[in-house]
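Subject: Structure handover

Hello,

Here is the structure you will be looking after from now on. Please open it beside this email and follow along.

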Amino acid sequence: MKIDVKQLFLIGIVLCINQLSLAQVRLPQLVSDGMVLQRDTKLNIWGWASPGEKVNIKFHQKNYKTTTLPNGKWSVFIGAMKSGGPYTMDISASNHIIIHDILVGDVWFCSGQSNMVLPIERVKEKYPQEIAKANYPEIRNFFIPTISNVSQVAEDLPKSKWIACDSNTVLQFGAASYFFAKRLFDKYHIPIGIINSSVGGTPIQAWISANGLNDLPTYHTRVIQLQDAAYLHQLQQQPRVNDVEVNRQINLRDKGLNGEKPWFDTTYKALNWHHFWLPGYWADQGIKGLNGIVWFRKEINLPASMAGKPAKLFMGRIVDADDAYVNGVLVGSTTYQYPPRRYILPAGLLKAGKNIIVTKISNTAGKGGFVPDKPYFLSVGKDTIDLRGDWQYQVGEVFELPKNPSAHEPFVAQNEPAGLYNTMVAPVIPYKIKGIVWYQGESNTDKPNDYKKLLLALIADWRKKWNEGNIPFIYVQLPNFMEVQYSPSESHWAELRQAQLHALSMPNTAMTVNIGLGEWNDIHPLDKKDVGDRLALAAEHLAYGDTAIVSSGPIYKSAKIEDNKIIISFTSVGHGLKINNGNELTQFAIAGADKKYVWAHAIIKNNQVIVWGDAVSHPLYVRYAWADNPEGANLYNVDGLPASPFSTDPDQ
C-alpha cells in the first residue's frame, strides 16, 4: 500500500490541533472581565483543562499553581482581600488568558421570578432622574439567561458577562436589585456585584435542588419521576402547539383582517361599531364571557404643531396580546399582558387633523381589555393627547377553547422541581458571595401551605450548598395586589405572606414588608426603588452589622387574651408604633372559636396593639391586613416602615 506523506502530514497537524484544544484552559462564565470578587474571604477560582494540565495564576502580586484533576477540573484558593481594584488576573497553561478590570467588594446573589428580573427599562418613565445619574462603574451586574434542565446539573452557566453601570447599561439591570445595590454603594463606597438569576412566572420548587426536596414528599416524588429517562422522554415528546400555525389559522378567521378592507385601513368605514369607554374590560361593557379577538378604534384631531414629528403611543397595559396601528401602520405588538405598551411612532406618520388609532386585542382567559389606572395617551415632545374616553369596538373572532386546557399544557422544565436550580444556581455555588436576596412567591399563591415548607427548604438548601454557614438571606414579602376586599375574607395571598413571615424563624434571615408598594391592577408594581431601598436597609442591619438602624417594620411576636380584648406584642417597633394615615388603626379583624372574622377596633398603647370587637365577647384570634389587597393598612413604626400582615391563629 502506498503511503501518502502529504496526507499523513495533514493528519498529524489535525491531531496536534485536537490535542492543543483539549489542553486549553477554560473558565466559567462568572470568572471573566469586569467581575466582582467577594472581599474578606478566601476566594475560589476554577475552570477546566486536560487531565494533568498545570495551571498558573498570577493575581494581586501573588502566584498560585495547581494541576488539573483526572475529571478535567482545576481550582485554586486565593487569600482574602480587602475591597479595591481594578486588578488583572493572568492565567497560563498551554494557553494564556488575562482577565481585566476585576473589582473586590460584595457580591449578592439575587434570585426569584419576574419582579426580581424586571429591568429598569420597564420603569424608566418613573425614574428618569435616577437613570440620568446612574454613573456607578463599581456596581456590576451579571444577568443569567434562562435555561432549565430537570435531569442534569450543569457545570457552567449560559453565556453572559459582567456589565458596569452607567445611564445606558442600567436599563438592563433588574430594578429592585439595582436600587438595592445603589443604596449599599452610596453608604459603604465599596464595589457591589449583582448576580441576577431570575425567571418570570416560575415556582419556588424549581429553584431547590433535588436533595433539598427530600423531606417534601410531593416534590420529592416528582423529582424521582423526572429522573426516569423513559418517563421524561415521554413528557418531552408531548405535542407542542405550533404558535405560528395557530396564529395563521386565527388570522384567516379574523373578520378584521379578511373583509374587503382590513379594519386598521384608514379608508375602512366603521359602520355599526359599538361604543366602549377606555380604559376597561370588555366583559364589563357588553361582551361578557368572550374569549377571542376584539378590535378598538378612535379618531383624534391633531393640531398642526404636533404633526409630522416623532411620537410615543402609551396604551397602558392590555389583557392579553395586542397589535397597535396608527393611520394604517403597525406601530407595535406585544404578545402577553404584563409589559407596558409604549410604542414609537416615526416622524411623518402623524398628520394635522384626523388621525386613526386602532388596537387589535386577542385574549384567551379572564377579562380582556385595557387595564384601568394606567397611562393612555399620545405624546409628541412635551405635548400630550389623552386617549381615555369614548372608543368604538367590534368583535373579529370568537375562539373555541379546549374543554380541558390543562390537558394541552406542555411539559416545561423551568416549572418543575430542581429545573432551575440545576442550571441557574448550581453553577454559581463555587463563587463566593456576601448574601442572597429573594423575591418570589406569586407563582405559588395557589398552595400557600406548601410554600411555608418550600421557603424553609430553599434557605436550608442554598446555605448547605454554598457551605458558608448561615449566610444572610433577605427576602421580599409580597405586596398588595388585586381588587380591594371590603369585608374580612379568606386570601391565598395573605396566607402566602404568613408563610413568608414564618421563615423569619430561621437564623440570619430578614424580610421586607411591601404592603402599600403594590398596585391592584398590576402584578409587577412600578415602585421598585422602595423595594430595593428596604432590601438594602435589611442588609445594612443583617449583613453589615449596623445594629443601630431600624431595618424592619413591626413584626408580630405574641398575643395575650384579657377579657374581651387581645393584646398584640411586636418586635421591630423601632422608636415606637404609630398610625401612618388617619386617626384610627384599620385592617384589624377578630374572631372567636368559630373563626368567623369581623372588623375590630384597635388602639396603640405602650407599643402594643389592643384589639376588640363589639360582636365578639370571647375573642381567640386576630388578623391584620389579611387580604389580597389590604387597602389602608396603617400600622407602622415611627421610623416609617409598615407592619407585616399576620394572623395569630397557630394553624396559619
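With which side chain does the side chain of Asn564 make a polar contact? The partner is the side chain of Lys565, at 3.5 Å. A polar contact is a pair of N or O atoms within 3.5 Å; within protein, one must be able to donate a hydrogen and the other to accept it, and residues adjacent in sequence count only if both atoms are side-chain atoms.

Before the rest, some notes on how to read the values. This is a predicted model, in which local features need pLDDT of at least 70 and side-chain atom pairs count only at pLDDT 80 or more, while totals for chains, interfaces and linings use all residues. Residues are numbered from 1 along each chain as its sequence is written, and side-chain values use heavy atoms, with hydrogens and water left out.

**The chain as a whole**

The protein chain has twelve helices and 36 strands. Helices (H or I, at least four residues) and strands (E, at least two) are DSSP runs, numbered from the N terminus. The radius of gyration of the protein chain is 29 Å, close to the 26 Å from the globule rule for 652 residues, so the chain is as compact as a globular protein of that length. That radius is taken over C-alpha atoms, and the globule rule is 2.2 Å times the number of residues to the power 0.38. Along the principal axes, the C-alpha atoms fill a box of roughly 85 × 75 × 55 Å.

Of the 652 residues, 52% count as buried. Buried means under 20% relative accessible area, exposed over 50%, and partly exposed in between (1.4 Å probe, protein chains only). The protein chain exposes about 30,100 Å², and carbon and sulfur atoms supply 52% of that area. Accessible areas come from the Shrake-Rupley method with a 1.4 Å probe; for residues, only the protein chains shown count as cover.

Among contacts with a separation of 6 or more, 76% are between residues 24 or more positions apart. Contact means heavy atoms within 4.5 Å.

**Asn564**

Asn564 lies in the loop between β27 (555-562) and β28 (565-571). With a relative accessible area of 29%, Asn564 is partly exposed. Not counting residues up to four places away in sequence, Asn564 touches Val611, Trp612, Val616, Ser617 and Pro619. Gly441 is 123 residues from Asn564 along the chain, and their C-alpha atoms are separated by 36 Å.

**Val398**

Val398 is found in strand β23 and is partly exposed, at a relative accessible area of 49%. Val398 and Ile293 are 105 residues apart in sequence, and 6.5 Å apart in space, C-alpha to C-alpha. Leaving out residues up to four places away in sequence, Val398 touches Leu290, Asn291 and Gly292.

Asp322 lies in strand β16 (residues 321-326). Its relative accessible area is 3%, so Asp322 is buried. The side chain of Asp322 makes a polar contact with the side chain of Tyr343 (2.9 Å). Beyond neighbours within four places in sequence, the contacts of Asp322 include Gly332, Arg341, Tyr343 and Lys360.

Glu416 sits in the loop between β23 (389-398) and α9 (421-424). At 12% relative accessibility, Glu416 counts as buried. Its side chain makes a polar contact with the side chain of Arg222 (2.8 Å). Setting aside neighbours within four places in sequence, Glu416 is in contact with Val150, Gln205, Ala206, Arg222, Leu226 and Phe411.

**Backbone points to look at**

Most residues other than glycine have a negative phi, and most peptide bonds are trans. The peptide bond from Leu278 to Pro279 is cis, with omega near 5°. Pro279 is in the loop between β11 (274-278) and β12 (280-281). The peptide bond from Val319 to Asp320 is also cis, with omega near 15°, and Asp320 is in the loop between β15 (318-319) and β16.

Gln61 has a positive phi, near 65°. Gln61 lies in the loop between β3 (54-59) and β4 (62-67) and is exposed, with a relative accessible area of 84%. Met482 has a positive phi too, near 80°. The place of Met482 is in the loop between β25 (473-476) and α11 (492-502), and at 25% relative accessibility Met482 counts as partly exposed.

Regards
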